[in-house]
Amino acid sequence: MQQQPTTVIIAGPQVGPESTMVTCPSCRASVRTQVRHESTTKTHLIALLLCVCFCWPCICVPYCVDSCKNANHYCPSCGSFIGSYTN
């Protein structure tokens, strides 16, 4: 009788909107993450909604406010992607 292989799922580190201490899954170094705020579809939809509501002077606001973007965390040592925080 053969034994079925076991699947182990390892969840990534929990990250928030700010830089945090984690162990990088790629290089195994204990580092403080480097955060890059990047625009998403949500950012573009908010800008489009402002345009439709005739608030066109405010269209740039979602691109200037970090809370309208994802906070993507990267390892400063090896540059690998660690995780993302979405509001």
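This is a short walk through one protein model, from its overall layout to a few of its residues.

Hello everyone, and thanks for coming. A word on the ground rules first. This is a predicted model, where local features need pLDDT of at least 70 and side-chain atom pairs count only at pLDDT 80 or more, while totals for chains, interfaces and linings use all residues. Residues are numbered from 1 along each chain as its sequence is written, and side-chain values use heavy atoms, with hydrogens and water left out.

Let's start with the layout. The protein has two helices and five strands, and along the sequence they come in the order β-β-β-α-α-β-β. Both kinds of element are DSSP runs numbered from the N terminus, with helices being H or I of at least four residues and strands being E of at least two. Of the 87 residues, 23% count as buried. Here buried means under 20% relative accessible area, exposed means over 50%, and partly exposed is in between, using a 1.4 Å probe and protein chains only. Now for contacts, meaning heavy atoms within 4.5 Å. Among those with a separation of 6 or more, 51% join residues 24 or more positions apart.

Next, please find strand E4, residues 70–74. How many of its residues are buried? Five of five, so the strand is mostly covered. In a regular strand the side chains alternate between the two faces of the sheet. In E4 both faces are covered, with Asn70, Asn72 and Tyr74 on one side and Ala71 and His73 on the other.

E4 also has partners, and two strands pair if DSSP finds at least two bridges between them. Strand E3, residues 34–38, runs antiparallel to E4 over five bridges, and valine 35 has histidine 73 as its bridge partner. Strand E5, residues 81–85, is joined to E4 by four bridges, again antiparallel; there, alanine 71 is partnered by tyrosine 85. E4 and E5 make a hairpin with six residues between them, and glycine 79 in the turn has a positive phi of about 80 degrees.

Stay with tyrosine 74 for a moment. Which residue forms an aromatic pair with tyrosine 74? The partner is phenylalanine 81, in an edge-to-face arrangement at 5.6 Å centre to centre and 65 degrees between the planes. The rule is that rings of Phe, Tyr and Trp (its six-membered ring) pair if their centres lie within 6.5 Å; planes under 30 degrees apart are stacked, over 60 edge-to-face, and the rest tilted. Tyrosine 74 counts as buried because its relative accessibility is 12%, whereas phenylalanine 81, at 46%, counts as partly exposed. The charged end of arginine 36 sits over the ring of tyrosine 74, 4.0 Å from its centre. That label requires NZ of Lys or CZ of Arg within 6 Å of the ring centre and within 35 degrees of the ring normal.

On to the core. The largest nonpolar core has five residues: Val22, Cys24, Val31, Cys75 and Ile82. Such a core is a set of buried Ala, Val, Leu, Ile, Met, Phe, Trp, Tyr and Cys residues joined through side-chain atoms within 4.5 Å. Leaving out residues up to four places away in sequence, cysteine 75 touches Cys24, Cys27, Val31, Ser80 and Ile82. With the same exclusion, proline 13 touches Val22 and Ile82. Proline 13 lies in the segment before strand E1 (21–23), and its relative accessible area of 30% is why it counts as partly exposed.
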